[in-house]
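My notes follow the order in which I checked them.

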Amino acid sequence: MKAYLLYRDRDADLQAPLPALADTAARDLELPTILDAMSQGDPFLREVAQRTLLTGLTSVDAVEYRQQILQDCLAQPSIVREVYRLATDALLGEKRVWRFYRPSPEMILSRGLEVLGLFVRHLHSLREVAASARGKLRSPGLTRFFSVLEAELSDDFFESADRHLAQLRFPDGILMSASLGEGLAGDRYVLRTSSQAKRGWAHRLLDRWRPSNSFEIGERDESGHRNLAELRDRGVNLVANAVAQSNDHVVSFFELVRAELGFYVGCLNLHEQLTRIGSPTCVPEVRSPAELQLRVRGLYEPCLALRLGQRTVSNDLSADGKRLVFVCGANQGGKSTFLRSVGLVHLMLQAGMFVPAESCTASLSRGVYTHFKREEDATMTHGKLEEELGRMHQIVAHIPPEGLLLCNESLSSTNEREGSEIARQILRALGEDRVRIVFVTFLYDLVHGFAQSPVDPSVLLLNAERLPDGRRTYRMVEGAPLPTSYGEDLYRKIFGAGGEAAAPEAPGGHPPGGPNVPAEGPTVPTSR
Amino acid sequence: MRPTSLLYPAGTDPSAPDAPSGAPVLHDLNLDQVFSTIKVGREEYELDPYFATPLRDVDSVRYRQEVARDLDRQDLREALAEFARTIRTVRKRLAQVEKLGYRYQQASWFLDAVDQYGGAVTRVVERLAAAQPGSRGVRSLLEQLSSYLGSAPFRSRADEAQQLKAGLAEVVYTLRLKGRRITVREFSETPDYSVQVLSTFQQFQRGASKDYRVKFDRVASMNHVEAEILELVANLFPELFRQLREFPGRHADFLDPTIRRLEREVQFYLAYREFLEKLRAAGLPFCYPEVTATSWEVFARATYDLGLAHKLTEDRSEVVTNDFQLEGPERIFVVSGPNQGGKTTFARTVGQLHYLARLGLPVPGEAARLHLCDEIFTHFEREERIENLRGKLQDELVRLHEILGRVTDRSLVIINESFTTTTLDDALFLGREILNQIIRSRALGVYVTFIDELSALGPATVSMVSTVAPDDPSRRTFKVVRRPADGKAYAIAIARKYGLTYEDIRGRSRP
């Protein structure tokens, strides 16, 4: 029995390796927050959600197949949740059936029968849900899934299953020496031939009068009865094996249903939470990678919204035909947040999900790659620049044409002039490879080169908006970047007007607006 | 016994080390990694407080250096290591006793523990006495252990334990299982029956399959049936088992608390020493630094980053050593120069040396004089986290402000590559402000920067420059030398090394 709920023509593969560098993108884009919301504490849902989000689809048809199922799920959440609950219950029930640490065949059989009974009950319920869903669903995926369920879980199937369950319950029916080992536990057991025959009647009689030398094992004393059980165990070994294997087959079916449906349950969970905090979502219009479209209205960063529990600042982005987007401007202006929101939109879109925006028309990418600034490399053999170039090298080796690369302050671990030069070479080469790039950067030397007219029509320049009074709006506006990012403002705010921690011999306060040059220090040349 | 400590001179309180502090500093200096490696296999001793609690006076530092020197001697080191190992086994046994459910089993485990304990004390006193330790710590330890060993209770307990053990080893008995009944009798010799049984059931065997044969744990898992059997065996040997029964009650608190603490304390030295051993084997020097609280003229010769050296020696790579020295008014190393030249490593090394010196341990290098700092402050870049909505630069400035508010002229401040999240103009401005504040505080400092201009702010600063191989700009030498900043970086050469120039990327082969 197939589910075909994630792909039109194949099962989800939970063992398949994730695309190269997907874990990096997940981390950089704060995907765990999305996964938390999707999984609601269910580690399995989390795994499914993560895999599905990181294994993006690359054809419009495949995405639309999922989008249709998702629309059904959003319209009929209770049906989908019920089937997921049944699969989960069955699997959980199986896990709860006592499992001996070291089972004997008899125990394996006994357990196997109990599990099989449990599974048959759940399969009954599943058929009832399938029958009740008839006529309520529109998507080809879910419609087919439920009709397959009804056909396969026939009356004949249940009849023969019950027959097996009944039959397998079989309704019709030493002398050794030991010494004391470690901790005085019996040790060096040697089975001895009974010497009973050699002992005279007088000894036997004597034994009977020495009850303190013997004891009886209680009726329910399992360890004491283990030896007796051994023969029975040999008898049921093969059939126990068959029952156990049958159970394994049913488990794999429930696991498949749970995995494939789990993704949609995750979507429902996330949808409910975003709706609760008033954050809009939409099922996007998907375009092929070659069309190079990206038009989003009301785009926001869902992790931040989830974390704050409220609707957050949104941006409109109109980047049709743009291959390279620079995002510059004020510190704390929301650039990283914006960059993550762009990345998340693409990941979610490619998984067949809704996206965090009011409306969205976008081309699929052939994979989302991230190059975000990192903490000092903990393995120490690389300096910071080498560390980030090493990561860039990995990306360059893997990113396909029409992939999406998100850079957050890449090449900032060397000085501005050199960082800009390296960046120029990478951007030019990847651009010619039809890789799309969104680049948050302070490398003004780099950006100014692209800002000079005539501006390349495939390049978009965005700035984090900063009002004249210094406040940030967290909105990205089009335009060429300004040369400073206001570090001096912050310095004065934190270190006080004089900019000093405490020092009597400090030179006087710094006039606002320009770098202060200490009396004893050299004059500092500017960067350009 | 009156308490003695291998970690603190008499008069200081060894039982209450300061609350662990400075975790971010340990992380920044990569000492957290070093200490984690050092602690491997010794988790139960909870050495963290020792490594996280620096000493505050020069005499305490010397006290530990003496003990560490004693433990450099193989005879003393092995004597104490073996002693600690045995005491550990004894403790494990005693802990196990608590968990056992049956009286004879408990008594026998207890008996084994006492026996081992007696042997361990006897042996360590013999070995320490023969070795003649030089440190105040180990001498005082030997003195105490000797008088303990000679005491009457200790002697009689050990004798009694040995006799009991010998008696129990000789016990043999016969078991009969019939229906649900089990009978215990005196042993009488009859043939091994399992051989006959096996041959009888051979015919049922059906090739290879999943093995369902049950295996039994022999250790500490006595079930009630075995316990009942043991009670019946005891009836066969009443006098022997009476002695056994009474033994634990008469020797309940035999494990001396001082010995337990010594077992833990000696781990501090042994763990560090084992770590050093690997580096020594690779030819790397260690020395006992001269530690001073009154001079700022620090130096180290042929020193290196402990964590990096550990990793490199494991990879069988060469470790580059560096020298540093401050004289007269000099207080701050301003480290600039090409990337990948070992700037960060140099900064860490200076920090590590001063930290390790405060623990009373030998430090990497041929020779060193170090200042006993009141505090080490580090500011290394942190990874951005969404929880922190303040923004990176603000976060960085807030942390620097906190540090600079606490620095004294006896502190060491290490700042690594700050302000790279902002523009060059901003970084220049901010770097100069911060560095000038450190200069005014008169603290020791290491300031790593991209900005050459910061390396000559006055007589307190010493310019150190990382270097690369002249014939191959992308090859690092890791040498950091004292010379004016030369303003050359080699970024493009490094980019080429990673195949990231335009030509490299266009010409690459696709996956």
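**Sheet and helix notes**

I started with strand 9 and strand 10 of chain A, which run parallel and are joined by five bridges. Strands (E, at least two residues) and helices (H or I, at least four) are DSSP runs, numbered from the N terminus. I looked up one pair here: Tyr369(A) has Leu405(A) of strand 10 of chain A as its bridge partner.

This is a predicted model, where local features need pLDDT of at least 70, side-chain atom pairs count only at pLDDT 80 or more, and totals for chains, interfaces and linings use all residues. Residues are numbered from 1 along each chain as its sequence is written, chains are lettered from A and ligands numbered from 1 in the order in which they are written, and side-chain values use heavy atoms, without hydrogens and water.

Next I followed strand 10 of chain A to strand 11 of chain A: five bridges, parallel again. Leu404(A) has Arg436(A) of strand 11 as its bridge partner. Strand 11 (residues 436-440) of chain A also runs parallel to strand 7 (residues 324-329) of chain A, through four bridges.

I then traced the whole sheet. Six strands of chain A form an open sheet with mixed pairing, in the order 9-10-11-7-12-13. Two strands pair if DSSP finds at least two bridges between them. Strand 9 (368-372) and strand 13 (472-478) of chain A are the edges, each pairing on one side only.

Is strand 10 of chain A enclosed or open? Five of its five residues are buried, so strand 10 of chain A is largely enclosed by the rest of the structure. Buried means under 20% relative accessible area (1.4 Å probe, protein chains only). Leu404(A), Leu406(A) and Asn408(A) point one way, Leu405(A) and Cys407(A) the other. In a regular strand the side chains alternate between the two faces of the sheet.

I checked helix 14 (residues 416-432) of chain A. Its 17 residues reach 24 Å from first C-alpha to last, close to the 24 Å expected at 1.5 Å a residue. The expected span is 1.5 Å times one less than the number of residues. Buried residues of helix 14 of chain A include Ile422(A), Ile426(A) and Leu430(A). Just after this helix, Arg434(A) takes a positive phi of about 60°.

Definitions and conventions
Buried means under 20% relative accessible area, exposed over 50%, partly exposed in between (1.4 Å probe, protein chains only).
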